[in-house]
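Open the model in your viewer and keep the selection panel at hand. This tour goes stop by stop.

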Amino acid sequence: PDIPFELKFDGIYNFRISVEQPIFMGGKIVAANKMASIGRDVSRLQQTLTRSQVIEECDKAYWTCVKAGQMLVLAQKYCDMLNELSKNVENAVNVGMVHNKELLTVRVKQNEAELSLRKAQNGVRLATMNLCYTIGIPMTSKIAVADSFEGMEQAIIPDGVDISSRPEYAMLSKQVDLKKYQERLVRSDYLPNLGVMAMYGYTNGVKLNNEKIIDGSSVVALASLKIPIFHWGEGYNKIRAAKSERKIAQMQMDDLSRKMELEANQAMNAMDEALFEVTMTRKSLSQAEESMKVCKD
């Protein structure tokens with residue numbers, strides 16, 4: 001009791017700095033990096049696919065607008081033809097060459113043609129609004145579309161089908177790779193893990209009779225090794241499930257690849273038929289022009 005004893009704890013501070021470095025994690029880090037890289041590639045492919053889909057939608061909207069315009073021209077010409085026919089039949093009725101029934105039949109057709117003309121006008125307006133909406137401008141904008149381009153009719157149909165360049169196919173392939181590395185990631189949880197760690201610490205502040213009794217640092221270095229021994233079949237079942245997911249992804253890729261190949265062949269057939277239809281229509285147009293010339297004569 002006669003010895004002065006004053007212990008102070010005010011102003012105490014402590015800090016530590018540690019550095020950890022895994023040496024072997026069963027392949028977990030490599031698999032995780034590969035999965036992240038695949039995810040980045042899939043995102044880029046998705047961006048490419050979305051851009052292609054937008055271009056396709058714009059293309060469809062454009063040619064729908066062109067088709068609607070041509071249908072309007074056709075409807076107008078049909079009305080003009082019926083008007084001319086009505087005059088001729090009316091003249092024939094007046095001179096007694098045909099019965100009045102023929103004139104009534106023509107006028108019924110005229111009414112139907114007027115209705116078709118109105119529908120064609122509405123179709124042009126809606127197709128134009130849809131095109132404006134698709135390309136991102138006000139739907140009331142006034143736009144004009146060209147009905148042909150240079151070189152458009154010189155389309156070449158490929159000899160075979162190659163779907164490897166399609167973003168959808170590349171995305172499916174990346175999904176299979178992703179499942180493969182996911183299987184390795186699951187397997188790594190049940191393999192030995194080895195790592196090292198170094199730590200530096202410093203403590204200051206405890207005073208006894210106004211003299212510091214704790215003022216120093218410490219350095220620690222250690223290595224750790226974790227070896228899984230038995231998990232009651234948990235690792236086996238998880239790895240088995242990961243393998244099954246990879247096989248399912250591969251089967252889905254094979255199935256969708258065949259569907260894409262079928263789709264590509266259908267598109268090639270449709271293109272071939274369209275080109276043939278253009279050729280036949282040109283012949284029909286030439287014959288119709290000759291027939292019209294004979295009728296006028």
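This is a predicted model: local features need pLDDT of at least 70, side-chain atom pairs count only at pLDDT 80 or more; totals for chains, interfaces and linings use all residues.

**Stop 1: the largest pocket**

Select Gln-70, Val-278, Thr-281, Arg-282 and Leu-285. Of the 32 residues lining the largest pocket, these lie nearest its centre. The space here comes to about 1,500 Å³. Now colour helix H1 (28–94) and helix H4 (234–296). Each gives the lining at least two residues. Which helix supplies the largest share of this lining? H4 does, with 15 residues. Colour the lining by class next: 18 residues are nonpolar, six are polar and eight are charged.

**Stop 2: the second largest pocket**

Select Ser-52, Glu-56, Arg-166, Glu-263 and Ala-267. They lie nearest the centre of the second largest pocket, which has 14 lining residues. Its space is about 510 Å³. H1, helix H3 (167–188) and H4 each contribute at least two lining residues. H1 gives the most, with six. By class, the lining holds seven charged, five nonpolar and two polar residues.

**Stop 3**

The model has twelve salt bridges in total. Start with Asp-41 and Lys-174. Their closest N and O atoms are 3.3 Å apart, and the two form a salt bridge. Asp-41 belongs to helix H1 and Lys-174 to helix H3, so this pair ties together parts 133 residues apart in sequence. Lys-174 is partly exposed, at 24% relative accessible area.

Glu-183 forms a salt bridge with Arg-187, with 3.3 Å between the closest N and O atoms. Both residues sit in helix H3, four residues apart, or about one turn of the helix. Arg-187 is partly exposed at 33%.

The side chain of Arg-246 also meets that of Glu-183 in a salt bridge, at 2.7 Å from N to O. Here the link runs between helices: Arg-246 is in H4 and Glu-183 in H3, so the pair ties together parts 63 residues apart in sequence. Arg-246 is partly exposed, with 27% relative accessibility.

**Stop 4: the three-stranded sheet**

Switch to cartoon view. Find the open sheet of three strands, ordered S1-S4-S5 with antiparallel pairing. Strand S1 (7–8) and strand S5 (211–212) are at the edges with a single partner strand each, so one side of each has no neighbour in the sheet. Zoom in on strand S4 (residues 207–208). S4 pairs with S5 in the antiparallel sense over two bridges. Select Lys-207 to see what it faces: Lys-212 in S5 stands opposite.

**Stop 5: Trp-232**

Finish at Trp-232. This residue lies in the loop between strand S6 (215–226) and H4. Check the backbone angle. Most residues other than glycine have a negative phi. Trp-232 is not a glycine, yet its phi is positive, at about 55°.

Terms used
Residues are numbered from 1 along each chain as its sequence is written. Side-chain values use heavy atoms; hydrogens and water are left out. On a 1 Å grid over the protein atoms alone, a cavity is a set of points where a 1.4 Å probe fits but cannot get out, and a pocket is an open set with protein on both sides within 12 Å along at least five of seven lines; lining residues have an atom within 4 Å of a point. Grid points are joined across faces, edges and corners, and a volume is the space filled by probe spheres set on the points. Ala, Val, Leu, Ile, Met, Phe, Trp, Tyr, Cys and Pro count as nonpolar, Asp, Glu, Lys and Arg as charged, and the others, Gly among them, as polar. Two strands pair if DSSP finds at least two bridges between them. A salt bridge is a side-chain nitrogen of Lys or Arg within 4 Å of a carboxyl oxygen of Asp or Glu. Buried means under 20% relative accessible area, exposed over 50%, partly exposed in between (1.4 Å probe, protein chains only).
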